[in-house]
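Subject: The structure I promised you

Hello,

Here is the structure we talked about, ready for you to open. Have a look around it first, and then read my notes below.

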Amino acid sequence: VSELTLQQLLSCDPAPYAQAAVAWQEWAKEIDNTAELFIRAARDLGDAWPEGEGAEATHRRAAALRDELSNAYQPAQRIGYALQRLADGMAQLRDWAGDLVARAGGHGLEVDVAAGTVTAPLDMYRSGSPAHTTALVNGYHNDLTTLLARARGLDDAITREIVANVPDPVLGFGTAIPQAIGRPQVERLLGRSPAVVRLWWQGLTPTQQDQAIHDFPNLVGWLDGVPATDRNTANRLRLQRDAADLQQRAEEIRRQITDLDWSGDPPLDVMSREQQLLEDQAEVNAERRRLGKVEATLAGLGDKGFLLGYDPAGDGKAVVAVGNPDTAAHTAVWVPGLNTELDDIKGNTSRVEHIQEAADLLTPETNDVAAVMWLGYDAPETDLSVLTHGRSEQGGKALDSFVDGLNVTHDGGQQHVTAIGHSYGSTVVAEAALRGNGLAVDEIVVAGSPGMHTDHAADLNIDPRHVWSGSAPGDPVSDPYGHHGKYVGYVPIAGGWLNSAEDGIHGISPHQPEFGANRFHVDATGHSDYWKEGSESLTNQAYVVVGAYDEVHLDHGEAPSK
Amino acid sequence: MTFPRLVPWAASLIAATTVIALAGCSGGPDEDSKDNMQTAAENQVIQQVHERATGIAQVAGAELKIIGESAAPCEGRKGELSDEIYTVQGSYQLPIPESEHAATLARLRDGWRRQNFTISTDPTTSPGRSARLEAVDPDQYHFFVASTIPPTMLGLRINSPCYKSPS
């Protein structure tokens, strides 16, 4: 039981506890990272060295090491948090106690900090009301006693927590295998806030995290609130398994084609079966080509590539980061538009690569900028889907969650987030910004935007000076009325109808002065060159991404001061 | 039956997309420009970019810190990527004190003028901004040099023109 005295409380210096807290938390992080590395490195040990006494002994030792390492993470983290609570709590109680002692002194009372008593000089009883003086003495004594009791309670609670978490002198952190994570546990997290997901994930041991990633990569890979490195592992695993499945299917189809028995006469059934198999083969090959594009894109990015989302169903979805957004000081999230599919991953990732490189060049530290190609929604096709708000509303909700996830998984320190919408992607950004508490970004950038579902930048739940819009001459989406009606004229037969259709149906384009956003200068033409390497358009956006507003060349608007 | 809610800009988006598709907004590495394009191996162009960066570092009197030198496909106006046509980008940093940024850029600019570069952003004509210089050399290599934020270094980016890979 704590025997903390008032004197000790008043002279308490919480700084060493705070330093120790940071050290334990850093150590916990190191354990987590090391456990991940160890798990990854030892995973294939069984395949590489499957049999024999030496192999068995090695596997046992590796498993025990993995489990103890994994089990060390949470206790270290808990001790870190406990020490932080002690430092914060003691600092607050010490200040309150000091304040009480000073106020008691102001009333003429004497506080013996060594004995923890409060007394009044005899003169106070004689010159004033004795009852009032007694009440004053008792009041301060009670307050100080209560404070001291709280300080002792905190001291006891933290001591118990630390004792409970320090390793056993004989068994260390133990090698007990933590309970396996089941699919329902992960499924329950779908749709929950990234902050909740983050807490859940932090509460798992590295072994449990690894098990969840390997058993349910399709779920973990899309969970906003799971750190980028873990999402990357899950999604790459899914990709790898999909590639292996497709290869197996391709081989199976090839075998079935080879095994077809053509001895019958007439072999109509066989011909029909062969036709079916050839169609299946074409489908599988197309899927393999598509998947190959994802693999090639990631290979091209090397260590800078993080696959934060991957789903081949339908048109396909993918979220690819260039640079780690959890450690970057500046992160840009780029949202593509109309007709974007998984097939287009290379070109779209190339654009965010340009953004990352251009912005990273402007900061003294390398790799403190990350840029994300966020195809986390089903982009509309050139059909009825583009006529509705449906896709942008769905996309906006998912984008909002993704950005919230970036905020909760960031390692700390400065984080400056920019959402960039291209074409229809700007309506996805708009939907995320217009709903609820808005989109948790510092900057909104749109390029080639057809409109943002509002006529005023001020409606986007962000200071309009942080809304930036670019429109290139000859961009038929953002600037159909510019001096480029010529495109319409080129269209045979429908040209006249298109002219009429365009008349009177435009909402306000965000690059128009009355929208209230800053229009950054674009030196490109058409709808697709906003991120061309070496262009001023790209440089201007890079300056926005790193928050160097004065450097942005504006056609109109007012850049924020900082 | 419920009809989808029509958004005012959507028809124009469809129209524009149709326009792009039908009118065939050609550009970038189209067939005509491909024919006029120089052929070179990627490693040769990377070397060209690197040599230019080394020359700039010498003029600046600073160490050349390489951030990256890599080739990427050239992109056409419709966003299409070519498998045969590529460009090379080199990104570098030059650790130079802020007090010397303006003088360094002026020195570079003067040298480039003598070599018939086209100066697109002149540091002396951009008041209110940090030091920045952009230029294109006679071989169509694009140069961008700017103070970092905060200005502890100069960032240098060099972009080559598009080249055709040797078949």
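The notes below go through chain B and then chain A.

First, some housekeeping. This is a predicted model, in which local features need pLDDT of at least 70 and side-chain atom pairs count only at pLDDT 80 or more, while totals for chains, interfaces and linings use all residues. Residues are numbered from 1 along each chain as its sequence is written, chains are lettered from A and ligands numbered from 1 in the order in which they are written, and side-chain values use heavy atoms, with hydrogens and water left out.

**Chain B overall**

Chain B has 4 helices and 7 strands; helices (H or I, at least four residues) and strands (E, at least two) are DSSP runs numbered from the N terminus. Along the sequence, they follow the pattern α-α-α-β-β-α-β-β-β-β-β. Of the 167 residues in chain B, 47% are buried. Here, buried means under 20% relative accessible area, exposed means over 50%, and partly exposed is in between, with a 1.4 Å probe and protein chains only. The accessible surface of this chain comes to about 8,100 Å², and 50% of that belongs to carbon and sulfur atoms; the areas come from the Shrake-Rupley method with a 1.4 Å probe, and for residues only the protein chains shown count as cover. Among contacts in chain B between residues at least 6 apart in sequence, 58% join residues at least 24 apart, a contact being heavy atoms within 4.5 Å.

**The disulfide**

How many disulfides does a search of the whole structure find over all chains? The search finds 1, where a disulfide is a pair of cysteine sulfur atoms within 2.5 Å. The bond joins B:Cys74 to B:Cys162, with an S to S distance of 2.0 Å. B:Cys74 lies in strand S1 (residues 65-75) of chain B and B:Cys162 in the loop between strands S6 (154-159) and S7 (163-164), so the pair ties together parts 88 residues apart in sequence. The torsion about the S-S bond of B:Cys74 and B:Cys162 is about -110°, so this disulfide is left-handed. B:Cys74 is buried at 3% relative accessibility, whereas B:Cys162 is partly exposed at 32%.

**A buried glutamate**

Another residue to look up is B:Glu134, in strand S4 (residues 132-136) of chain B. B:Glu134 has 4% relative accessibility and so counts as buried. Its side chain makes a polar contact with the side chain of B:His142 at 3.4 Å. A polar contact is a pair of N or O atoms within 3.5 Å; within protein, one must be able to donate a hydrogen and the other to accept it, and residues adjacent in sequence count only if both atoms are side-chain atoms. Leaving aside neighbours within four places in sequence, the residues in contact with B:Glu134 include A:Gly534, B:Thr118 and B:Phe144.

**The sheet in chain A**

In chain A, 9 strands form an open sheet with mixed pairing, in the order S3-S4-S6-S5-S7-S8-S9-S10-S11. Two strands pair if DSSP finds at least two bridges between them. Strand S3 (305-311) and strand S11 (554-556) are the edge strands, each pairing on one side only. Neighbouring strands of this sheet are turned by 20° against each other on average, direction ignored; axes are lines fitted to C-alpha atoms, for helices over the stretch in contact, and angles run from 0 to 180 degrees between N-to-C directions.

S7(A) and S8(A) run parallel and are joined by 5 bridges, and A:Ile420 has A:Val445 in S8(A) as its bridge partner. In S8(A), 5 of 5 residues are buried: A:Glu443, A:Val445 and A:Ala447 point one way, and A:Ile444 and A:Val446 the other. Strands S9 (residues 467-470) and S10 (residues 518-520) of chain A also run parallel, with 2 bridges between them, and A:Ser469 stands opposite A:Arg519 in S10(A).

**Elsewhere in chain A**

A:Pro14 sits in the loop between helix H1 (6-10) and helix H2 (15-42) of chain A. This proline is buried, with a relative accessible area of 12%. Not counting residues up to four places away in sequence, A:Pro14 touches A:Ala87, A:Ala91 and A:Arg94.

Happy exploring!
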